[in-house]
Amino acid sequence: MRKIRILWTDDEIDLLRPHIIFLREKGYEVETANNGSDALDWVKKEHFDIIFLDENMPGLSGLETLSQIKTISPNVPVVMITKSEEENIMDEAIGSKITDYLIKPVNPKQILLSLKKNVEQKRLVTQQTTSAYQMQFAQIGMRINDRLSFEEWKEIYRKLVHWELELSSSEDSAMDEVLAMQKNDANQAFCRFIRENYLHWFGKPLGQRPLLSTDIFRQKVFPLLNNGRKVFVLLIDNLRFDQWRVMSSVVSEYFRTDEEELYYSILPTATMYARNAMFAGLMPSEIEKLYPNLWEDDDNEGNKNEHEEELLLKQMLRLGRKEKLFFDKISNLKSGRKLVEDLSAILENDLSVMVFNFVDMISHARTEMDMIRELAGNENAYRSLTLSWFNHSSLLELLKELAGNDIRVVITTDHGTIRVDNPVKVIGDRETNTNLRYKLGRNLNYKSRQVFDVTNPRDAFLPSRNVSTTYIFAQNTDFFAYPNNFNYYANYFKNTFQHGGVSLEEMIVPVVTLSPKK
């Protein structure tokens with residue numbers, strides 16, 4: 001392993017020989033300078049992993065030397081060492097982007113700790129994270145093969161996401177592969193769980209079944225309105241739990257988390273079904289029956305979600321809710337920039353709901369554009385792209401304004417998405433829908449062991465075009481492809497993010513309640 005190289009600059013460097021000998025015995029490579037000019041000469045010709053810099057030196061001061069070091073080598077960590085404890089010197093040093101600050105006299109253990117913290121942290125974190133996951137690996141593996149309840153599956157998914165995020169920042173790519181295999185095993189077991197249990201949930205009270213799409217407003221939103229506070233609901237289409245987790249670090253600067261819960265998206269885990277069910281508080285076949293003019297057929301044309309506001313108003317009317325509602329959908333950057341301008345309209349209403357489609361747009365663009373495929377080449381990159389968008393979005397500006405106006409916020413989604421890699425052949429007629437993760441039709445030809453099939457749509461509270469309509473759902477990382485041009489479509493859609501089927505990522509999604517930080 002390459003030795004860590006240190007440059008130590010101090011006008012009394014000879015007095016620090018015991019410290020330097022100590023570091024060399026620990027395996028570090030140490031070069032020294034006794035003034036700022038010599039230090040700069042070293043930095044110009046050599047690479048260093050870290051620089052220890054005395055603040056009070058004749059000639060170039062420590063702060064002046066620091067400024068020039070940052071110009072030559074901006075990413076090298078610099079630890080300032082000084083006799084002074086004056087606050088203004090500390091402020092100036094920290095403002096100049098020092099990595100650490102030590103007060104003289106320093107002892108060897110302080111220097112060693114600074115090295116561990118500022119140079120070796122990533123390696124040490126990787127070792128610790130890898131070791132901790134290895135200890136949990138067997139435990140999670142055994143749990144996956146148990147007969148888990150719907151609540152236990154949520155906890156398994158929380159653990160898998162936790163380790164996925166932890167390992168994504170480590171340097172041990174071998175563990176990424178181990179985790180990917182464990183997630184695949186978990187999804188296979190979860191698909192068996194859904195096949196055995198999903199159709200038995202309907203008609204049962206909460207507790208005997210999980211929180212579903214139809215429950216979100218009744219259970220998580222309307223109760224917040226009962227104390228007279230204004231509530232803003234943000235639905236980010238296609239937002240997975242891991243994406244929420246990376247965004248939450250930004251949101252936490254302005255809001256505290258009152259509750260972070262996971263709920264089950266209904267099947268199909270697609271916008272037309274899951275989001276309409278959420279706003280209506282009804283399953284799709286119930287919407288079709290009660291409000292036939294508000295339900296569109298699942299064909300290849302038209303906007304299937306153009307009645308969301310009306311469906312939410314119908315739910316509020318059924319439940320006797322009389323709050324003033326503001327509803328908007330944001331699907332492009334131009335309307336996104338209008339968000340903050342519309343703040344006053346949002347503040348005038350008791351309940352405001354906004355649907356944001358940007359994450360869904362990333363997912364579709366990744367399928368269609370080579371550049372986006374490159375930017376979101378894997379799960380970690382997909383999360384990073386989502387976080388980058390959020391950090392620079394007008395949506396974040398709106399959330400800051402809402403925090404300043406003491407408005408409670410609920411962030412949720414209608415379904416998640418999964419990266420697919422295994423094509424499964426299916427044959428359908430002209431009326432069969434085009435979604436890659438679910439199909440419905442009357443003449444579907446498929447292998448039943450490869451799918452979760454619902455031969456009687458009414459069992460899953462799904463609309464039926466005719467008496468022989470069947471729904472089939474792709475499982476885990478499978479996606480449907482027709483035999484015609486099979487290889488072309490299999491290669492085109494492989495490693496793209498899709499939704500509509502059965503997987504942990506698509507079905508178990510977040511609903512988070514936030515309060516502004518005072």
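Accessible areas were computed by the Shrake-Rupley method with a 1.4 Å probe, and for residues only the protein chains shown count as cover. On this basis the accessible surface of the protein comes to about 23,800 Å², of which 48% belongs to carbon and sulfur atoms. The model is predicted: local features need pLDDT of at least 70, side-chain atom pairs count only at pLDDT 80 or more, and totals for chains, interfaces and linings use all residues. Residues are numbered from 1 along each chain as its sequence is written, and side-chain values use heavy atoms, with hydrogens and water left out.

The protein contains 21 helices and 18 strands, where helices (H or I, at least four residues) and strands (E, at least two) are DSSP runs numbered from the N terminus. Of its 518 residues, 53% are buried; buried means under 20% relative accessible area, exposed over 50%, and partly exposed in between (1.4 Å probe, protein chains only). A contact is defined by heavy atoms within 4.5 Å. Among contacts between residues at least 6 apart in sequence, 75% join residues at least 24 apart.

Helix α10 (residues 241-251) is largely enclosed by the rest of the structure, because nine of its 11 residues are buried. These buried residues are F241, D242, Q243, W244, V246, M247, S248, V250 and V251.

Rings of Phe, Tyr and Trp (its six-membered ring) pair if their centres lie within 6.5 Å; planes under 30 degrees apart count as stacked, over 60 as edge-to-face and the rest as tilted. The whole structure holds 29 such pairs. One of them, edge-to-face, is formed by Y273 and Y438, with 5.7 Å centre to centre and 90 degrees between the planes. This pair links distant parts of the chain, 165 residues apart, with Y273 in helix α11 (residues 271-280) and Y438 in strand β13 (residues 438-441). Y273 is buried at 1% relative accessibility, and Y438 is buried at 4%. A tilted pair joins F356 and W389, with 5.8 Å centre to centre and 50 degrees between the planes. Here F356 belongs to strand β9 (residues 351-356) and W389 to helix α18 (residues 379-391), 33 residues apart. Both F356 and W389 are buried.

Charged groups also lie over aromatic rings, a charge being placed over a ring if NZ of Lys or CZ of Arg is within 6 Å of the ring centre and within 35 degrees of the ring normal. R5 lies over the face of F48, 4.8 Å from the ring centre, and the charged end of K45 sits over the ring of W42, 4.7 Å from its centre.

Grid points are joined across faces, edges and corners, and a volume is the space filled by probe spheres set on the points. The second largest pocket has a volume of about 580 Å³. Of the 22 residues that line this pocket, E164, D176, A180, E379 and R419 are the closest to its centre. At least two lining residues come from each of α7 (150-168), α8 (173-197), α18 and β11 (418-419), and α8 gives the most, with seven. The search found one cavity of 30 Å³ or more. The largest cavity holds about 40 Å³ of space and is lined by D429, E431, G441, R442, R465, N466 and T469.

V454, in strand β14 (residues 451-454), is buried with a relative accessible area of 2%. Not counting residues up to four places away in sequence, V454 touches L199, A460, T470, Y471 and F473. By contrast, N445 is partly exposed at 49% relative accessibility and lies in the loop between β13 and β14.

Backbone features were found in several loops. The peptide bond from K104 to P105 is cis, with omega near -5 degrees, and P105 lies in the loop between β5 (100-103) and α5 (108-118). N485 has a positive phi of about 55 degrees although it is not a glycine, and this residue is exposed, with a relative accessible area of 54%.

Definitions and conventions
1 Å grid on protein atoms, 1.4 Å probe; cavity = no way out; pocket = protein on both sides within 12 Å on 5 of 7 lines; lining within 4 Å.
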